[in-house]
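Take a look at the model below. We will walk from a pocket to the helices beside the topic and then to a database record.

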Amino acid sequence: MSSQVRLKLLPSIKCMFDEPIQVKVAGLRPRQVVNMRAKLTDDKGVVFNSSATYRADGSGEVDLKRDPSLGGSNVGVEPMGLLCSMRPHTMHKIYLKTNAINPQVVKFSVHEEEGRLLAEMMNERLLMRDGVTRVPVNEGNIRGVLFTPPGKGPFPAVLDLPTSVSEARPSLLANKGFVVLSVAVYNKKGDNITETHLDHFEEAMNFLKQQPKVGSKGVGIMSRCKGSNIGLALAAFVPGVEAIVCMNACNANVVTPLYYKKRQILSSILFDESKFIPTESGAIIIKDALEDPLAEKNKGSLIPIERAKSHFLFAVVGDDLNWDSEAYMDEMVVRLKHHGKENFETVFYPGAGHMLEPPYAPHCPSSFNAGVGKRVLWGGEPKAHIAAEIHLWKKIQDFFKTHLSCDAAQTKAKL
């Protein structure tokens, strides 16, 4: 390494996972061209990395907040581009954080054009603030993880419904002052599922409401994709859902029939495999393969959200290659309006893809889809996707703070 080249991560080498950092390099030759790299290993052992080329200014400095990448994993001025543009060494892998206790460590490095290392530094990205607790829950039908903020509360409660086990979203939301129980739709026992039971998720809701620090009368729900099927059904059939975030949701129940109190309440629509489009990458495009929810034979799969008393936040994207989430949102909005409802708001991100996550994780353009049992393309133009995640993450927090009522008297009654 060159002793005069200095890599700086500001304001500190430690930060919260969803907070940006400023990456700067000093001590280079004026106008020197360098290659900057980032590398991490996720909790499943998958290695992700990125690289981009930059030219130093007349003072021998590079500032990613100011200077454009000239080529590589990302192009143009993108302060967090090295992080968000990371790609896995093995194709079609999604970044996974399955234990939020351990910070994500990212190695940033600066290299000469020929490859010689000039400087490197580690960035620790924390998922849990001091005082946040993480408790695995294995009770009755509940398999999940409970995150609780420090302090006496009372705090509003949120049920997080990821498609597969992931702790980034719930832990980061707990940092903002919410008690969050995360219960994955598909867990280790989720293979060969032929039916889904809403009762199991109602059980999780009730468990969450009984937590000592919870002060909200009902719960919020955070969901995407198949998780939104469960969330919307809870809002429609189970009392106590005050607010629900639906990211790229379908308006109908998909893949497996939904049961509640030992009877089927929703049929399911399926994917037509003859409409799958193969790609050279080995992943498929399934966007146009899902049956029409509005077809007469599928009316029993439509989720009756007009019955819900919840507030809805629908977030959809313009480059969803999983299904037509924009059309599904439009249909739900029309239906709510037809029933005189004004309990919803919408947000649309034109260039983003299906896999919306908290910032600043590596964007996932393709991975295994548990619903179809194949590797699929999710879509998303990287720069637009990053911007969407930053905006939506703040929007979600504001939405829950607005619509989840909190009552200190309720908390005292539990203690």
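**A pocket and a helix pair**

In this predicted model, three elements each supply at least two residues to the lining of the second largest pocket: β12 (142–148), β15 (196–197) and α3 (198–209). Among these, α3 gives the most, with three residues.

The second largest pocket holds about 460 Å³ of space. Its lining counts 20 residues, and the closest to the pocket centre are Asn141, Val185, Asn187, Ile193 and His200.

Now follow α3 to its contact with another helix. Helix α4 covers residues 226–237, and α3 packs against α4 with the axes 10 Å apart. The angle between them is about 75°. Angles of 65 to 115 degrees count as roughly perpendicular, so α3 is roughly perpendicular to α4. On the α3 side, the contact is made by Leu198, Phe201, Glu202 and Met205. On the α4 side, Ile230, Ala233, Leu234 and Phe237 take part. By class, the contact of α3 with α4 has seven nonpolar residues, one charged residue and no polar ones.

Last comes the annotation. An unreviewed UniProt entry places the feature "domain: BAAT/Acyl-CoA thioester hydrolase C-terminal" at residues 197–405. In the model, the span 197–405 is 29% helix and 24% strand. The C-alpha atoms at the ends of this span lie 28 Å apart.

How values were computed: Residues numbered from 1 in each chain as written. Predicted model: local features only at pLDDT ≥ 70, side-chain atom pairs only at ≥ 80, totals over all residues. Heavy atoms only, no water. 1 Å grid on protein atoms, 1.4 Å probe; cavity = no way out; pocket = protein on both sides within 12 Å on 5 of 7 lines; lining within 4 Å. Points joined across faces, edges and corners; volume = space filled by probe spheres on them. Helix = DSSP H or I, 4+ residues; strand = E, 2+ residues; numbered from the N terminus. UniProt positions renumbered as here; feature names shortened; annotations may be inferred. Axes fitted to C-alpha atoms, helices over the stretch in contact; angles between N-to-C directions. Parallel < 35°, antiparallel > 145°, perpendicular 65-115°, else oblique. Contact = heavy atoms within 4.5 Å. Nonpolar A, V, L, I, M, F, W, Y, C, P; charged D, E, K, R; others polar.
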